[in-house]
Amino acid sequence: LLSDDAVQVNAVVPQSFTFSISSNSINFGALSPLGAKYASSTNVDGDLTDTVAHTLTIASNASAGYTITLQGATLTSQQNSPDTITKAGSIPVTSSPGTEQFGIYATASGGVGGAIATPYATVSSFGFESTATTSSVFATGTGSSGSTIYSLHYLANISSLTEAGVYSASLVYVGTSNF
């Protein structure tokens, strides 16, 4: 009970969460064992130099922050599904033309408390540890974050023995606010 000269003041701060992907289609173009290719959302032939393929933007006012996960398999032949481009794995690797590699790294800007998970956090070194049935943590944020932009870079290298075909990967990024 309040005394007659006291005023109780109440307020509600609504939960807030946004997550977006700048482009849902990125391309490597034709791959060659003679040089690395980097995915692009603006060039259907991919790029010969490391470039940002697309961005993820996330913001939350959750006191426990957010989590972004990644699920999906490596580049897989559409003609013969056992044929794949070897994923980089859980230890980041640098580009090695002539060796099969598929991987990602990211950088973060803006926001507060955003952290990219290993193996995706090392600039110019690529990792990839998710599968079609298991997800991996891609990034986390602690506390109320503001808006964080993750810029993603994708690498594809092949060997002279990589089987011919049209390869693709369907990757699912899921942003979850930890209210």
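Trainee: Where is Ser-159 found?
Mentor: Ser-159 sits in the loop between β11 (146–157) and β12 (167–168). Keep in mind that this is a predicted model.

Trainee: Is Ser-159 buried or exposed?
Mentor: Buried. Its relative accessible area is 16%, and buried means under 20%.

Trainee: What does the side chain of Ser-159 reach?
Mentor: The backbone nitrogen of Leu-161, at 3.1 Å.

Trainee: And which residues does Ser-159 touch, leaving out those up to four places away in sequence?
Mentor: Pro-33, Gly-98, Thr-99 and Glu-100.

Trainee: Let's zoom out. How many helices and strands are there?
Mentor: Zero helices and 13 strands.

Trainee: What about the overall shape: compact or spread out?
Mentor: The protein is more spread out than a compact globule, because its radius of gyration is 20 Å. The globule rule gives 16 Å for 179 residues, so the value is well over that. The C-alpha atoms fill a box of roughly 85 × 30 × 25 Å along the principal axes.

Trainee: What share of the residues is buried?
Mentor: Buried residues make up 38% of the 179. The accessible surface comes to about 9,300 Å². Carbon and sulfur atoms hold 55% of that surface.

Trainee: How much of the contact count comes from residues 24 or more positions apart?
Mentor: They account for 74% of the contacts with a separation of 6 or more.

Trainee: Now the inside. Which residues of the largest nonpolar core touch the most other members?
Mentor: That core has 25 residues. The ones touching the most other members are Ile-68, Ile-104, Phe-138, Tyr-150, Leu-152, Tyr-154 and Tyr-173.

Trainee: Which elements give two or more residues to this core?
Mentor: β3 (54–60), β4 (66–71), β7 (101–110), β10 (135–141) and β11. The largest share, four residues, comes from β11.

Trainee: Pick one. What does Ile-68 touch, again skipping residues up to four places away in sequence?
Mentor: Quite a list. Among them are Phe-19, Leu-56, Ile-58, Phe-138, Tyr-150 and Tyr-173. Ser-136, Val-137 and Ala-139 are on the list too.

Trainee: What else is there by way of cores?
Mentor: A second, separate core has five residues. Ala-36, Tyr-38, Phe-126 and Leu-155 are included.

Trainee: Switching to rings. How many aromatic pairs does the structure hold?
Mentor: Six. One of them is Phe-28 with Phe-102, an edge-to-face pair. Their centres are 6.3 Å apart, with 75° between the planes.

Trainee: Where do Phe-28 and Phe-102 lie?
Mentor: Phe-28 is in the loop between β1 (17–21) and β2 (37–38). Phe-102 is in strand β7.

Trainee: Why is the pair of Phe-138 and Tyr-173 edge-to-face?
Mentor: Because the planes of Phe-138 and Tyr-173 are at 80°, and over 60 counts as edge-to-face. Their ring centres are 5.5 Å apart.

Trainee: Which strands hold Phe-138 and Tyr-173?
Mentor: Phe-138 lies in β10 and Tyr-173 in β13 (residues 172–177). The pair therefore ties together parts that are 35 residues apart in sequence. Phe-138 and Tyr-173 are buried.

Trainee: Last one. Which residues do ring pairs link into a cluster?
Mentor: Phe-28, Phe-102 and Phe-128.

Technical notes. Residues numbered from 1 in each chain as written. Predicted model: local features only at pLDDT ≥ 70, side-chain atom pairs only at ≥ 80, totals over all residues. Heavy atoms only, no water. Buried < 20%, exposed > 50% of the residue type's maximum accessible area, 1.4 Å probe, protein only. Polar contact = N/O pair within 3.5 Å; in protein donor to acceptor, adjacent residues only side chain to side chain. Contact = heavy atoms within 4.5 Å. Core = buried A, V, L, I, M, F, W, Y, C linked by side-chain atoms within 4.5 Å. Rg over C-alpha atoms; globule rule 2.2 N^0.38 Å. Areas by Shrake-Rupley, 256 points an atom, 1.4 Å probe, with all protein chains shown as cover. Phe/Tyr/Trp six-rings, centres within 6.5 Å; stacked < 30°, edge-to-face > 60°.
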